[in-house]
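Dear colleague,

Please find the structure below.

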Amino acid sequence: MTELKCREKYTLDGDKEERESQHEPDVQTTKPVKTEEDEVTSGRTGAGKQQKDEGEVKEEDAQHKEEESKTPESPVKRSTRSSAGFLQRLVRVFFGYLAAVACGILYAAHLSAYHDRMFWFSTRQELEREITFQGGSGLYYYYYKQMLTATPFHRGVYELMMDNRTVAGQTINAVVRLSLYPELITSFIYRFTGSEEFVEPIYFYIGAVFGLQAIYVSALFVCSWVMSGTWVAGMLAVSWYVINRPDTTKVDYAIPLRDNWALPYFSCQVAALTGFLTNNISSATELFCYLTMSATTFTFLLVWEHSHYVLFLQGLCLFFLDAFDLLPSRKMAEIHMVYVSAMLLAFFSQFQNAALLSSPLVSLLIGTWVARNYQQKMKTGPFLSRVMKLFVYFHLVFTTGITFSYLVKKVVQGDESDFFLKFLEVKFGLNTTTDFITNFLLCQESFQVPAQDLFLRLTQASVLPFYILVLTVCLLSTLQTIYRRLSGLPMKTNLKLEDGRIGEHPEVIYHVFHTLIFGGLALLFDGMKYLWTPYVCMFTAFGVCSPELWMTVFRWLKLKSIHPVVLSLILSTAVPTIIGFSLWREYCPRVLGDLSEVQEFYDPDKVELISWIKSQAPAAAVFAGSPQLLGTVKLCSGATVTSLPLYTDIKLLRRTEDTYQVYAMRSAEDIYKILTSQKANYVIVEESICNELSVNKGCRIKDLLDISNGHVVYDKGEVYSFSKHGRFCQEIKMNYSPYTNYFTRVFWNRSYHVYKVNSVISFQY
């Protein structure tokens, strides 16, 4: 007896999906019987056609062999073989996940040891530990400390929502403004699990971040493994990630940053999306990927204010997959449902955050929905017709999306919505400006073009050469697939190794678009490398370990001397083995050397400043200074400040510009009026900013202020600063009138000078 099982297949021909029901009929296998009608017919064919040639005989023999190979097996043999196959898959999956978890744990342990060695963290006092949070990132840890002492816990949450002790003269919702959900959740777990009996609060906090980094690399491992079919690719991806750590993460020097909390969730979301896009997966696996994708998308939106921009870029990749008919419409609709539900939940969880309404992701979803309903037969017709429909579809989507975004921004955000467009105009050289905020942001390292050192480091680690190879092959194969789909040819859902079509896998096509879009932005903005480089490592590891990629190349080359399947299997094993051995030989001593090298980060001047503030300054004092320094002041002393190291709020950036005027050529009276309007009692002047020496003079704070204030003179191609007033930060150190009338120096050391803003002006000459 033979069992004929028909699996459910999803064809990508247009928007239709053909489903075949499952049947198990019993079919009696019989040999073909020669009838009289056949004999009569054969007699009429003549004597010349009665004898078959050798080719036909061989063909008949092959057919008989094929029929013999299709003879049914006994139920016992079939069950034994299925059990053995299931056990083999189970063992492979178990060891793969075990390797992924082991890589994550080892990476987290390495981060912990490196962090302790770099800052001598375990031997420091509490104040010195907190100062190691650089770049103003320590501000987030302050709120974590505050929630640990809040009684009861919900009272602390309410105080953060109505916070009037952070920015002078303002009441802000710190939970939404600073995305403090990681601190709320971490402090809740620490308090209500009794962890205070076993671990210090600061170790629990950084341990949570390092744990997320372990999940980050484990997700990259799984993603590369799912695409290539071997967990060797996962190990290679993690190795490249660790070796290129300066270009893949900021966790080394700024642990509390939102990026370090959010990007692990995005990595898990990409891994779940990769599994969801894969063809011929079981319904249980698809459901698991869908639920994981939903949960991680919502969490990603919740913990980082820039997450909806990242999801917009991801949605753009999926939009191209759907437009070129490379993805079943059912899956695309379910992904859109994930985006919509996650955005709605995040909108209400963040107290009706208006930024989510004007998000480009929302505009893209609305534009796609409108265009799809208007143009329902876009994926039918001949090649030229479909291309023309595609252009119309693109026009409808982006026109509708841009119109919706413009209307929402005009209604919700007012004039501030124009700042981003002006910033892009200046960035791409379409316009010039003297605005301090725009030029200040453009001078930030994250918004500058990456240095050539980035590509040199990636080349030395052998990532970039293989990345270019893998991307070229996958991109050309994807273009072939797009051409076939536009020509009306169906995509095969059950591809075999012999087919050599790496570009027909939806998950591979998605990652091709993903790496192209993020890579293009990384060439313009250095900060985008932290979103691009990890997936370069993952994508490259998948490619060199995938037999299908090598098979695709051999089909193009029409290799005949050696069997291409055998050679592709050999190369998919030999190439990663050689790469892994070379990386182990060259970089393993360096990675271990980072743990043995004696390093020390210590800032005694800043420790002295914070100690003076905690012991000498009044509890209700308000401090003005640079945003990065004020973040540390807020963390260590809890004092109220005039600005925060937050570059997404235009109003806070304007306050920062006013505070920075102490480094401009302004009069003492002007500075006094600015500081009193911000209710500042003390102003901190930093020597590193006042006497800044930089190769790029146009990006020094004092140069930006001079340009903004119009204190710049151009003479024969040279730029000079000129004003009737001297530079305030230098003149005030002379201790002469009128500066002493408005300000009194109360603390100074080599790096910092603290001046009290006099409440009563004394006119002394």
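Phe728 is in contact (heavy atoms within 4.5 Å) with Val662, Ala664, Arg666, Ser667, Ala668, Ile671, Tyr739 and Phe743, leaving aside its neighbours within four places in sequence. This is a predicted model, in which local features need pLDDT of at least 70 and side-chain atom pairs count only at pLDDT 80 or more, while totals for chains, interfaces and linings use all residues. Residues are numbered from 1 along each chain as its sequence is written, and side-chain values use heavy atoms, with hydrogens and water left out.

Phe728 lies in helix H32, residues 728–731; helices (H or I, at least four residues) and strands (E, at least two) are DSSP runs numbered from the N terminus. The relative accessible area of Phe728 is 0%, so this residue is buried (under 20% relative accessible area, with a 1.4 Å probe and protein chains only). Although Phe728 and Ala664 are 64 residues apart in sequence, their C-alpha atoms are 6.2 Å apart in space.

Strands E8 (residues 743–748) and E9 (residues 752–757) pair in the antiparallel sense over five bridges; pairing requires at least two DSSP bridges. The two strands E8 and E9 form a hairpin with three residues between them, and Arg745 has Tyr755 in E9 as its bridge partner.

Yours sincerely

Terms used:
Buried means under 20% relative accessible area, exposed over 50%, partly exposed in between (1.4 Å probe, protein chains only).
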